[in-house]
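Visitor: Hello! Could you walk me through this model, one question at a time?
Guide: Gladly, let's have a look together.

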Amino acid sequence: MMRIELISVVVPVTQDNGDVVSAYHSYRRVLGRYGKPVEFIYVLDGPMPQAAQALRALKNGGEPVEILSFATPFGESAALTVGFRHAAGDVVFTLTPRIEVAPDALPALLDALATADLVVGRRVATNRGQPQKPRKFERTINVLFGTSLQDIRSRVRVMRAEVAKELTVYGNQYQFLPLLALAQGFAVTEVDLPSTRMPPRLQRFLPVDVSLLLDVVTVYFLLRFLKKPFRFFGGFGFAVLALGAVFTTYLVLARLVFGIPLVDRPALVLSTLMVVLGIQIISVGLIGEIVAFTYAKDIRDYRVDRIVEPTTVELAEEKGDTAVQSTLTKA
Amino acid sequence: MRCDLSIIVPLYNEEENVHLLHAAICAAVQSLGLHTEIVFVDDGSRDRTFERCLALPRTDPTLRVIKFRRNAGQTAAMVAGIDHARGDILITMDGDLQNDPRDIPLFLEKIREGYDLVVGWRHDRQDHWSRVLPSKVANWLIGKVTGVPIKDNGCSLKAYRAELIKNIPLYNEMHRFIPAMASLAAPRIAQIKVRHHPRRFGKSKYGFSRIYKVFVDLLTIRTILSFSRRPGTWLGIVAGLAGGGSTICLLLSLWLLAMEPLRHSVVFTSISVLLGSLSIFALFLALLSQLIYGTAVKRFRPFLLMSVRAPETSTRPSLG
């Protein structure tokens, strides 16, 4: 069992309202039961006078609250990353500023951390009393990556300190945090949480959820091809280029040998367009490779679990107490 | 703590081989009189490779074991070994006992002769022809495209000067292209024939999807090599070709315009415009690559310094 000296709670605040206080007290009450010190790090994404005022009042009242504020909004991912950098605890919670899950279930999350590096709180609607079916997004992700997560986008999570230290999320990536952790070799599990407030279904203007589709493509690219963009671009580029080349050759041969005219129809324009598009995709992919090469020394491909030095005599047998003898990866 | 020689072995599901390998390496290096360390990199094995490594004696020669949290690939395992190695000379080899540690003294001899990189050549390869033949084609192609003719890029048994290899960016599956990537620093490369044994335990970890990957990676390496010397050249060539095509089509359409009814020239005019736009696109990409080069140039300094250090060097490998 892991030792916990300090529990960190990172709360990214993306909407300005004063009702962060009631949620804070519920969280504080539940986590306080462990008898360990708890630190709360509220990251305000942009100027938020109401929330800032409420939190400052808490802080002045002696509560263990740290308030970080962005001058302009940078998004939830940036807020999380900053919060992670400030977190000093052995375990790091991410929680919502308003209560979305029953706080009494948080200890279950912490217990599950004994066998995992990151535990995601799977939101379960209480009124129906049964886990909801995986949503379209989760189903797509699970098929693409061979995972079996049911609520990837849940914002209630708890992780070991090294997960928080290694994860850097930006843009939309806070939505895929469990996937990023999985990709870095951390063990991820889910625990059911009775949800008091399910996320509202968004109004859709199009039959296909475009932003969801983009997110899925982005995360697929990010996890599979971050350091080998040309494997991705090259496949498309060469396919289009080859089609275009075959088509063009056929048209030119047909014109020269059989005298089939090329005017009055767009065939040759179309085939040339495919060649051009193919070359463009390939060029962009190669530029991507140059960027990857340029930064190759900054992005490590591997994640070290531990290094066994010659001087170490005794060794950890179980995964649980690696902390003593192992040298964890350089941050 | 520095040492003279580091032997780096990436291991992936090699539980039967680990102790044999360790014994073979120890036997090979004991008579050398060098301060040697062995670096085993367990690339997220699913079997008991790591536990077997722990059971080995970790002194004389010193043994360090790096365990990955998950499988990251052979290149990453090699890079981890290279990053953590403390020797002045680094040797990499496969963990499947197909390389023979008894060849190590030959590599050291070459390094002492002044070579920066010594590449093994499995001249008598003990594999099925279905693996040997594609490999021969690939090696020929790699030599042609990268300009570094190595007979056997796939042989993991190589020796490097630490200062050379630690500065070369290696990622993805570039372990097949180490000599080509190393040519950034203009090293002196030697090739020597090595012994090769058939696989005794475990399964080979390669598949046929390699052909596409090698092809694509080769183009990548070629681009990177030409970019780091003359950024923008390859895009200049694309722009020039497209511009040439555009001009030809434009002339053709003008000629058609003069000779035939108006509609006959429409197709060639359109194609001229298309190719012209490609040419402009490539020019802008060339500018973009100049921008990347401008921000990245300080990262290339290690290679430049290496080249300055040894002005008489040649990237032509000699066969010794």
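Visitor: At roughly how many degrees do the axes of helix 5 and helix 8 of chain B cross?
Guide: Please keep in mind that this is a predicted model. In chain B, helix 5 spans residues 129–146 and helix 8 spans residues 210–229. Their axes come within 10 Å, and the crossing angle is roughly 15 degrees.

Visitor: Is helix 5 of chain B roughly parallel or roughly antiparallel to helix 8 of chain B?
Guide: The axes cross at roughly 15 degrees. Angles under 35 degrees count as roughly parallel, so helix 5 of chain B is, relative to helix 8 of chain B, roughly parallel.

Visitor: How many nonpolar residues does the contact of these two helices have?
Guide: Helix 5 of chain B contributes residues including P134(B), A138(B) and L141(B), while helix 8 of chain B contributes I211(B), V214(B) and R222(B), among others. By class, one residue of the contact is polar, one is charged, and the nonpolar ones number ten.

Visitor: Which element gives the most to the side of chain B that touches chain A?
Guide: Chain B puts 45 residues into the contact and chain A puts in 37 residues. Among the elements of chain B giving two or more residues are strand 3 (62–68) and helix 9 (233–259). With 14 residues, the element that gives the most is helix 10 of chain B.

Visitor: Which residue does V308(A) stand opposite?
Guide: Strand 8 (residues 304–308) of chain A runs antiparallel to strand 3 of chain B, and four bridges join them. In strand 3 of chain B, the residue opposite V308(A) is V65(B).

How values were computed
Residues numbered from 1 in each chain as written. Chains lettered and ligands numbered in written order. Predicted model: local features only at pLDDT ≥ 70, side-chain atom pairs only at ≥ 80, totals over all residues. Axes fitted to C-alpha atoms, helices over the stretch in contact; angles between N-to-C directions. Parallel < 35°, antiparallel > 145°, perpendicular 65-115°, else oblique. Contact = placed C-beta atoms within 7 Å. Nonpolar A, V, L, I, M, F, W, Y, C, P; charged D, E, K, R; others polar. Pairing = 2+ DSSP bridges.
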